[in-house]
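Let's take a walk through this protein, starting with a few single residues and ending with the spaces inside. Keep the picture open and find each residue as its name comes up.

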Amino acid sequence: MPQGTYTVDVPLNIEKIWDFVQDMNNWAPLVPGYIAHEIKSENESTWEFKGDLGFMKKKVKLGVDIKEWNEPSEVIFDLKGLSDNFNGGGYFKAEKIDDHNTAMTGHLDITAGGAMGAMINQILKKFVPTTTEELTDAIVEKMLEINA
């Protein structure tokens, strides 16, 4: 299963991180290749982005279903391909280091199914960890910008 986990220390308290990640409108536009997103409910949204898989660029539409909102430390979600045969999930986890610093971890796993699944999963093994790191870093940069 293609997956990536990335942790970074953030010079913000855990409450400021929660204030940001509790609203999907804050972080959906930070997905690499972002095109659009639509909030359907507190727990459901659709995201559209352009994935660059090296040999091809592909527009992908995913359903994002938030499974758990664990204030102030964790958001757990499932992903389902709406345009392609993809399934997966992920989370953002914040762990308090002290009153002014928090370790933030982003995790994604995405698996392709269908006739081309095996080939696409080989490509995703490089794509998913890179995307996880880029998304987590983009969220941290945006939070730091807002709280400057």
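His107 sits in strand E7. Keep in mind that you're looking at a predicted model. Is His107 buried or exposed? Its relative accessible area is 10%, and buried means under 20%, so His107 counts as buried. A polar atom of the His107 side chain lies 3.2 Å from the backbone oxygen of Gly4. Gly4 also turns up among the contacts of His107 if you skip neighbours within four places in sequence, along with Gln3, Thr5, Phe77, Gly89, Gly90, Tyr91 and Thr132.

Stay on strand E7 and look for Thr105. Thr105 is buried, at a relative accessible area of 7%. What does the side chain of Thr105 make a polar contact with? The partner is the side chain of Thr7, at 2.7 Å. Leaving out residues up to four places away in sequence, Thr105 touches Thr5, Tyr6, Thr7, Tyr91, Phe92 and Lys93.

Now for Met104. Met143 is buried, with a relative accessible area of 0%. Its own contacts, again not counting residues up to four places away in sequence, are Leu12, Ile17, Phe20 and Met104. Compare that with Ala94: the C-alpha atoms of Met143 and Ala94 are 13 Å apart, and the two residues are 49 places apart along the chain.

In soluble globular proteins, nonpolar side chains tend to be buried together. Here, the largest nonpolar core has 36 residues. Which residues have the most contacts inside it? They are Trp27, Phe77, Phe86, Met104, Leu124, Ile139 and Met143. Helix H3 supplies the largest share of this core, with eight residues.

Asp23, in the loop between H1 and H2, is partly exposed, because its relative accessibility is 31%. The Asp23 side chain reaches the backbone nitrogen of Asn25 at 2.9 Å. Asp23 and Glu42 are 19 residues apart along the chain, and their C-alpha atoms are separated by 8.8 Å.

Gly33 is another loop residue, found between helix H2 (24-27) and strand E2 (34-39). At 38% relative accessibility, Gly33 is partly exposed too. Its contacts, leaving out residues up to four places away in sequence, are Phe49 and Lys50. From Gly33 to Thr130 you'd count 97 residues in sequence, and in space the two are 13 Å apart, C-alpha to C-alpha.

Here's a quick recap of four of these residues:

| Residue | Relative accessibility | Class |
|---|---|---|
| Thr105 | 7% | buried |
| His107 | 10% | buried |
| Asp23 | 31% | partly exposed |
| Gly33 | 38% | partly exposed |

The largest cavity has a volume of about 260 Å³. It is lined by 18 residues, and those nearest its centre are Phe49, Leu62, Ile110, Phe127 and Thr131. The elements giving two or more residues to this lining are strands E3 (44-52), E4 (57-70), E5 (74-81) and E7 (101-112), plus helix H3 (117-146). H3 gives the most, with four residues. By class, the lining splits into 15 nonpolar, two polar and one charged.

The second largest cavity has a volume of about 40 Å³. Its lining is made of Ile17, Trp18, Val21, Pro72, Ser73, Glu74, Phe92, Lys93, Ala94 and Met104. Helix H1 (14-21) and strand E6 (86-98) are the elements that give two or more residues to that lining. Its residues divide into seven nonpolar, one polar and two charged.

One of those lining residues deserves a last look. Pro72 lies in the loop between E4 and E5. Most peptide bonds are trans. The bond from Glu71 to Pro72, however, is cis, with omega near 0°.

Note on methods
Residues are numbered from 1 along each chain as its sequence is written. This is a predicted model: local features need pLDDT of at least 70, side-chain atom pairs count only at pLDDT 80 or more; totals for chains, interfaces and linings use all residues. Side-chain values use heavy atoms; hydrogens and water are left out. On a 1 Å grid over the protein atoms alone, a cavity is a set of points where a 1.4 Å probe fits but cannot get out, and a pocket is an open set with protein on both sides within 12 Å along at least five of seven lines; lining residues have an atom within 4 Å of a point. Grid points are joined across faces, edges and corners, and a volume is the space filled by probe spheres set on the points. Ala, Val, Leu, Ile, Met, Phe, Trp, Tyr, Cys and Pro count as nonpolar, Asp, Glu, Lys and Arg as charged, and the others, Gly among them, as polar. Buried means under 20% relative accessible area, exposed over 50%, partly exposed in between (1.4 Å probe, protein chains only). Contact means heavy atoms within 4.5 Å. A nonpolar core is a set of buried Ala, Val, Leu, Ile, Met, Phe, Trp, Tyr and Cys residues joined through side-chain atoms within 4.5 Å. A polar contact is a pair of N or O atoms within 3.5 Å; within protein, one must be able to donate a hydrogen and the other to accept it, and residues adjacent in sequence count only if both atoms are side-chain atoms.
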